[in-house]
Amino acid sequence: NGHLLFMRDRTLLAQPIDTKNFEMLGDAIPVAEQVQYDLAFTCGVFSASEHGQLIYQTSGSQTGFDLFIFDRSGKQMSSLVDPGLYYTPTFSHDMKKLAMMYLDISSHNQDVWILELSRGIKTRLTFDLSTDRNPIWSPDGNRIAFCSDRQGRYDIYVKASSGAATEEPLLVSGENKITTDWSLDGNYILYHSFGVSRTKSDLW
């Protein structure tokens with residue numbers, strides 16, 4: 001309805017705009033305070049309908065998420081680590097460790113980290129300045145596959161879970177690839193590709 005919505009700090013603003021000439025009109029108007037901002041995806045948590053209705057999520061802090069373990073009945077068993085921006089946590093097959101993407105708020109780096117459950121110790125596995133995400137464990141727990149956009153798109157890399165060696169590219173191609181799972185016999189990695197205009201998103 002003639003406004004451009006955007007975030008400034010934690011405030012959601014509406015900027016009047018000429019939609020024919022794409023020119024700003026007047027000053028931006030504050031619409032909502034303390035709106036949630038997702039640092040991992042660099043976007044505010046809000047949306048607007050074509051008819052001018054607005055939906056948004058508020059949050060009083062930017063400390064991140066709590067990471068818990070629940071049993072099958074839904075009972076909380078333990079809190080694993082201090083609040084932080086953790087994504088796609090994945091158990092090793094012996095259930096002793098978690099691999100996950102962690103977003104460092106100060107540097108904005110998104111890297112793969114490993115959490116040792118018994119001691120609550122978190123260790124960084126990848127150090128590239130690009131986004132490293134969606135880690136999956138090999139069945140023997142000795143390797144971790146993940147996707148990274150260090151070549152301008154998401155390719156698949158593999159690294160020893162001990163961190164002893166540098167990661168190696170496993171699959172490099174023209175489309176984005178997101179790691180999903182590793183077969184129990186160790187022979188196959190399931191991933192999905194996206195960004196291909198003809199077929200949209202596909203499983204491989």
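I started with lysine 200, which lies in strand 20 (residues 200–203); strands here are DSSP E runs of at least two residues, numbered from the N terminus. This is a predicted model, where local features need pLDDT of at least 70, side-chain atom pairs count only at pLDDT 80 or more, and totals for chains, interfaces and linings use all residues. Residues are numbered from 1 along each chain as its sequence is written, and side-chain values use heavy atoms, with hydrogens and water left out.

**Lysine 200.** I checked its backbone: lysine 200 is not a glycine, yet has a positive phi of about 65°. Is lysine 200 buried or exposed? I found lysine 200 exposed, at 60% relative accessibility. For the cut-offs, buried is under 20% relative accessible area, exposed is over 50%, and partly exposed is in between (1.4 Å probe, protein chains only).

**Asparagine 134.** Next I looked at another non-glycine with positive phi, asparagine 134, at about 50°. I placed asparagine 134 in strand 14 (residues 132–137). Its relative accessibility is 13%, so asparagine 134 counts as buried.

Between strand 14 and strand 15 (residues 143–148) I noted 4 bridges, antiparallel, and tryptophan 137 stands opposite isoleucine 144 of strand 15.

**Strand 12.** Then I went back to strand 12 (residues 110–116), where 6 of the 7 residues are buried, so the rest of the structure largely encloses this strand. Which strands pair with strand 12? I got strand 11 (residues 97–103), antiparallel over 7 bridges, and strand 13 (residues 121–124), antiparallel with 4 bridges.

The hairpin of strand 11 and strand 12 has 6 residues between the strands, and histidine 108 in the turn has a positive phi of about 65°.

On the strand 13 side, glutamate 116 stands opposite isoleucine 121. Here the hairpin has 4 residues between strand 12 and strand 13, and glycine 120 takes a positive phi near 70°.

Methods. Two strands pair if DSSP finds at least two bridges between them.
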